[in-house]
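Work through these exercises with the structure open beside you. Try each task before reading its solution.

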Amino acid sequence: MRRRVLDPKCAVLRHLAVAGLAFLLGSGRDFAQSGTPAPDQSGKPPAANVADATKDNQRKTDEFVEAAQVINGPAGNPECVWLGRRVVSLMWRDDLDTAFRHLDLYDRFGCPGGHVQAAFRCLTRFGGQIDPKVAETLSSRVHACWINPGAQPQAATAAASAPSPATAGNATPAPAASPTPSPSPTPAK
């Protein structure tokens with residue numbers, strides 16, 4: 001085999017080509033980035049964001065403590081509260097695939113499935129009061145229904161407690177039927 005002997009000029013050109021390629025690759029990142037830097041790349045969030053995050057974390061902690069105090073049993077455990085409220089919220093937003101995956105986790109933690117059902121039923125009663133554009137109304141309503149699944153909307157409770165209007169002039173409404181059954185007569189012999 002014969003070895004090729006390189007011309008010294010080719011060797012110099014080859015070294016320059018490699019150096020030029022390295023320069024282009026290294027500077028390509030700089031050219032690809034936009035000319036305006038991001039507002040804050042220091043990695044430290046502004047003081048307002050830190051205060052908001054601290055406030056939000058405290059609110060979440062308070063909600064878990066409230067749930068543990070109000071709800072007896074596993075539905076008041078923090079993991080059940082977190083997963084259960086998440087399942088109810090996802091079901092409300094029609095993200096059923098994700099809700100079912102979370103429900104599997106909820107079941108694995110030994111959390112009661114009936115509480116999710118009752119909380120979602122409660123949430124459907126308050127459907128007209130939830131603003132889809134404000135996420136906080138949904139999360140606060142889900143939490144309220146998780147704490148008290150038997151809650152009723154104010155309009156429904158006010159309508160139920162209001163007396164029914166008279167049907168004609170001075171006519172009095174018929175008395176309500178007695179909820180207790182009357183004893184059955186003894187058969188004659």
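Predicted model: local features only at pLDDT ≥ 70, side-chain atom pairs only at ≥ 80, totals over all residues.

**Exercise 1. Salt bridges around Glu-63**

Find the salt bridges in the whole structure and say how they are linked.

Solution. 
- Step 1. Side chains of opposite charge can pair when their charged atoms come close.
- Step 2. Count. The search of the whole structure gives two salt bridges.
- Step 3. Take the pair of Glu-63 and Arg-59. Their side chains form a salt bridge, with 3.0 Å from N to O. Both residues belong to helix α2 (residues 47-70). They are four residues apart, about one turn of the helix.
- Step 4. Take the pair of Glu-63 and Arg-85. Here too the side chains form a salt bridge, at 3.0 Å from N to O. Glu-63 is in helix α2 and Arg-85 is in helix α3 (residues 78-92), so this pair ties together parts 22 residues apart in sequence.
- Step 5. Join the pairs. Arg-59, Glu-63 and Arg-85 make up a network of salt bridges.
- Step 6. Arg-59 has a relative accessible area of 31%, so it is partly exposed. Arg-85 has 14%, so it is buried.

**Exercise 2. The aromatic pair**

How are the rings of Tyr-106 and Trp-146 arranged, and why?

Solution. 
- Step 1. Count. There is one aromatic pair.
- Step 2. Look at the geometry. The ring centres of Tyr-106 and Trp-146 are 6.2 Å apart, and the planes stand at 85°.
- Step 3. Apply the cut-off. Planes over 60 degrees apart count as edge-to-face. The planes of Tyr-106 and Trp-146 are at 85°, so the pair is edge-to-face.
- Step 4. Place the residues. Tyr-106 is in helix α4 (residues 96-108), and Trp-146 is in helix α6 (residues 135-147). The pair links distant parts of the chain, 40 residues apart.
- Step 5. Check burial. Tyr-106 has 0% relative accessibility, so it is buried. Trp-146 also has a relative accessible area of 0%, so it counts as buried.

**Exercise 3. A charge over a ring**

Which ring does the charged end of Arg-141 sit over?

Solution. 
- Step 1. Find the ring. The charged end of Arg-141 sits over the ring of Phe-126.
- Step 2. Give the distance. The charged end of Arg-141 is 3.9 Å from the centre of that ring.

**Exercise 4. The disulfides**

How many disulfides are there, and what pattern do they follow?

Solution. 
- Step 1. Recall the bond. A disulfide is a covalent bond between the sulfur atoms of two cysteines.
- Step 2. Count. There are two disulfides.
- Step 3. Take Cys-80 and Cys-111. A disulfide joins them, with 1.8 Å from S to S. Cys-80 lies in helix α3, and Cys-111 lies in the loop between α4 and α5 (113-125). The two are 31 residues apart. The angle about the S-S bond is -80°, and the link is left-handed. Both Cys-80 and Cys-111 are buried.
- Step 4. Take Cys-122 and Cys-145. A disulfide joins them at 2.2 Å from S to S. Cys-122 is in helix α5 and Cys-145 in helix α6, 23 residues apart. With -65° about the S-S bond, this link is left-handed. Cys-122 and Cys-145 are both buried.
- Step 5. Number the bonded cysteines along the chain. The pattern is 1-2, 3-4.

**Exercise 5. The whole chain**

Describe the make-up of the chain, then the confidence of the model.

Solution. 
- Step 1. Count the elements. The protein chain has seven helices and zero strands.
- Step 2. Consider burial. Of the 189 residues, 21% count as buried.
- Step 3. Consider contacts. Among contacts with a separation of 6 or more, 60% are between residues 24 or more positions apart.
- Step 4. Consider confidence. The mean pLDDT is 74, and 57% of the residues reach 70 or more.
- Step 5. Compare the elements. Helix α4 has the highest mean pLDDT (94), and helix α7 (residues 154-161) has the lowest (55).
- Step 6. Over residues 164-169 the pLDDT stays under 50. Over residues 171-184 the pLDDT is also below 50.

Notes: Residues numbered from 1 in each chain as written. Heavy atoms only, no water. Phe/Tyr/Trp six-rings, centres within 6.5 Å; stacked < 30°, edge-to-face > 60°. Buried < 20%, exposed > 50% of the residue type's maximum accessible area, 1.4 Å probe, protein only. Lys NZ or Arg CZ within 6 Å of the ring centre and 35° of its normal. Salt bridge = Lys/Arg side-chain N within 4 Å of Asp/Glu carboxyl O. Disulfide = S-S within 2.5 Å. pLDDT = per-residue confidence, 0-100. Contact = heavy atoms within 4.5 Å.
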